[in-house]
Amino acid sequence: MGINILRSSIKIEKQIDDFLSLVSEAALTFREGLKAYLTHNRSNLDNKLAAITEKEHRGDTLCRNIEMQLYTKTIIPDSRGDVLELLENMDYLLGGFKGVLWRFDIETPEIPNEFHTDFIELSEAVVETAEAIVCSARSFFKDTSSISNHMHKVSYWETECDKIVTRLQRSIFNREDLRLSHKMQLCDLARSVDKIANKAEDVADKLAIYVIKRSL
């Protein structure tokens, strides 16, 4: 039988659900924004930049409201620290998607066509990683017995991200006609995308500990 740790506060459960939806939507927006960048679709990229920035602002507001209610209404005092840490880490993911998309816009790297497929595959794998940790977090709040259905996918997709980044970096450095600074920039951008997946895996590790603590 699973445990719903927020069963006594439907209002906060709804807010946390909305916040997790923002993380999921930010991941999808990032993927579409990167595609817009690679296809030189300026207006679509601007739309995605505006959308992902707005989602991050809404996420910050929701996090502050949830934190305030958890403290002032002494809700789930035994799990408060874990819940706040989890939300903070999920907020980092949301900010990560926004930051990396803006980085592409600010640095405007020249990405040769032959690397487009790998960058798109990397963004799709990162989205899958984010979706898996969002589903895991939802299960943590609503039904801990179902969390294992999602947690293993976080590690799977994070590993896929690592494979793509390794392949991409190798391909970049095999291009003898590119300047070293250009190679370094492209590799660093790829690693910044992969870093979001790494963070999601870190969150999954901590989530596993929270679940064990709840079961004791």
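**View 1. Burial in the predicted protein chain.** Of the 216 residues in the protein chain, 50% are buried (under 20% relative accessible area, 1.4 Å probe, protein chains only). The model is predicted: local features need pLDDT of at least 70, side-chain atom pairs count only at pLDDT 80 or more, and totals for chains, interfaces and linings use all residues. Residues are numbered from 1 along each chain as its sequence is written, and side-chain values use heavy atoms, without hydrogens and water.

**View 2. Helices and dimensions of the protein chain.** The protein chain has six helices and zero strands (DSSP runs: H or I of at least four residues for helices, E of at least two for strands, numbered from the N terminus). The C-alpha trace spans about 60 × 30 × 20 Å along its principal axes.

**View 3. Contacts along the protein chain.** Contact means heavy atoms within 4.5 Å. Among contacts between residues at least 6 apart in sequence, 80% join residues at least 24 apart.

**View 4. Asparagine 89 in helix α3.** Helix α3 covers residues 80–107 and holds asparagine 89. Asparagine 89 counts as buried because its relative accessibility is 8%. Neighbours within four places in sequence aside, asparagine 89 is in contact with Lys199, Val203 and Lys206.

**View 5. The polar contact of asparagine 89 with lysine 199.** The side chains of asparagine 89 and lysine 199 make a polar contact at 3.2 Å. A polar contact is a pair of N or O atoms within 3.5 Å; within protein, one must be able to donate a hydrogen and the other to accept it, and residues adjacent in sequence count only if both atoms are side-chain atoms.
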